[in-house]
Amino acid sequence: MKSTAATSAQPEPDTDSGAEPRRSAPRSARSGHGLAPRGLGHVPESPMFEGRFGRMFRRLPALRLTEDEIKALAGRMVERSPGDPGMDNPDVPSGYTFLGQFIDHDITHDPSPLQVRRNDPDALTNFRSPFFDLDSVYGRGPGDQPYLYDDDNAGRFLVARRDGLLDLQRNAQETAIIPDPRNDENLFVTHLQLTMQLFHNKVVERLPELREDGRAPEESSFAAAQRIVRWHYQWVVIHDFLRRVVGEETFADVLRALPPSGPHHAVERARLRHYRWRNNPFMPVEFSVAAYRFAHSMVRARYKLNTTVPDLPIFTAEPVSESDPLTHLGGFRALPPKWQIEWRRSFPLGTDGSEPAPSRAIDPFLAPPLMELPEEAAEGVASLARRNLTRGVSLGLPSGQAVACAMGVRPLPESELDTPRRGAPLWYYILREAELLADGRHLGPVGGRIVAEVFLGLLAADPSSYLSNDPGWRPTLGGGEDGVFTMSDLIRFTGFGLDEV
């Protein structure tokens, strides 16, 4: 279990931190883009205030923009040439866009029903701390949620098999039986959820072998497999995903490798300058409302799921109830025939010499489908850019220039921003910084530092993580180079999504 209410605090001294037939009442496949997480309606201002969210830069003034200024800036953020390969990011394959979404669901999990979130927008207490523990996959475990697991197979996940396809368990209305329904909101994150379940099942299957050569802890079979899965997943999150999106310089500055002692591996320590807390870690709004939304600019207008299915968008402007289910990659449904994922199209598996599709560059431009969200997913305002900008202003986020100065970074000149003279919204600034200073390949010094510190701060604060328990630990699965374990290695280990469909 994760711990309860997180506490926002004044900064402490700088220290290292240890397609199927259409249903009569379909659900939205895009709801995650239109709803704010519960608890975001009120951000603590007092150092003793408890809640899920807090601030990294508490003393900076809020940026105030008018609705007209927000609307005008959002209008300039639409991608003009969605198919232009010159706006691709060859350093980050497209699968990492959705891995980032999956990770977000892991650290911001809120199981409350939608109606409760609407009726209780503050939700100031009794949240679990945001750790990389795959609670979006494991839920509360087989003892409390046995319907997720196979009683006949030693704590393995139940996986559906239909028409030669693997899919998540679903009820009669095609609703996925998983701890976090958001992990079924598009077919890429659906397959990531399934891949993680199959990863656990494969570890359980190989547990006797892993115990024989000392690669599995002496715990119950489920607990041992869960620890192996969690630690390898955490390694992927930090050393594969985070390293790619923040860049090597920022990564090496925030995650320090101390010299090894004797024959042991180097010990890793997080160096946090701006993300600090007193009791329990909180979710900074500078991260959740600005910096981590960088991935919205990485979304492609269309994706190729496998050899059989044509290029399709994740989103359509039409309501799901009125759209042909074979014209988009939205979720909340059983997989149509022959719609199994081919992961080589999303991650660098090297199975046939082909390269995965790249993500789009990290820059201030969003694919057209994100600017035309359906009413059911984005009531009142269809533009995701406008929604993000409005949310940042309404929560009192400081300007990007102010945050840069507070971090000791030279701010971008006003002439490079094309924003109101009062300052650039933090989310927009971080995207523009990545475009200008990193050619859209990774985040710049402000955005990268915020994301890196929050990721590594959360990992260091988790008493069950590898960084807390064994900071010299290295991955033991995959069979590759010592200390190397990527999302591609995880996929290969499961054996899922490798075949052509």
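**Helix α7 and its surroundings**

In α5, the residues Met196, Phe199, His200, Val203 and Val204 meet Phe222, Ala225, Gln226, Ile228, Val229, His232 and Tyr233 of α7, where contact means heavy atoms within 4.5 Å. By class, that contact splits into 9 nonpolar, 3 polar and no charged residues; Ala, Val, Leu, Ile, Met, Phe, Trp, Tyr, Cys and Pro count as nonpolar, Asp, Glu, Lys and Arg as charged, and the others, Gly among them, as polar. This is a predicted model, so local features need pLDDT of at least 70 and side-chain atom pairs count only at pLDDT 80 or more, while totals for chains, interfaces and linings use all residues. Residues are numbered from 1 along each chain as its sequence is written, and side-chain values use heavy atoms, with hydrogens and water left out.

Helices here are DSSP runs (H or I, at least four residues), as are strands (E, at least two), numbered from the N terminus. The axes of α5 (residues 187–205) and α7 come within 9 Å and cross at roughly 130°; axes are lines fitted to C-alpha atoms, for helices over the stretch in contact, and angles run from 0 to 180 degrees between N-to-C directions. The two helices are therefore oblique to each other, given that angles under 35 degrees count as roughly parallel, over 145 as roughly antiparallel, 65 to 115 as roughly perpendicular and the rest as oblique. Their crossing is right-handed, meaning the near helix is turned clockwise from the far one by less than a right angle, with anticlockwise making a left-handed crossing.

What about α2? The axes of α2 (residues 95–107) and α7 (residues 221–246) come within 11 Å, crossing at roughly 130°, and this crossing is left-handed. Tyr96, Leu99, Gly100, Phe102, Ile103 and Asp106 of α2 make the contact with Tyr233, Val236, Val237, Asp240, Phe241 and Arg244 of α7.

Next comes the inside. The largest nonpolar core has 135 residues; such a core is a set of buried Ala, Val, Leu, Ile, Met, Phe, Trp, Tyr and Cys residues joined through side-chain atoms within 4.5 Å. Its largest share, 15 residues, comes from α7. Among the residues with the most contacts inside this core are Ile238, Leu242 and Phe455. Leaving out residues up to four places away in sequence, Phe455 touches Ile103, Phe132, Val237, Ile238, Phe241, Leu242, Phe287 and Tyr292.

Threonine 308 sits in the loop between α9 (285–290) and β11 (358–360). At 43% relative accessibility, threonine 308 counts as partly exposed, a class between buried (under 20% relative accessible area) and exposed (over 50%), using a 1.4 Å probe and protein chains only. Beyond neighbours within four places in sequence, threonine 308 is in contact with Lys338 and Val501.
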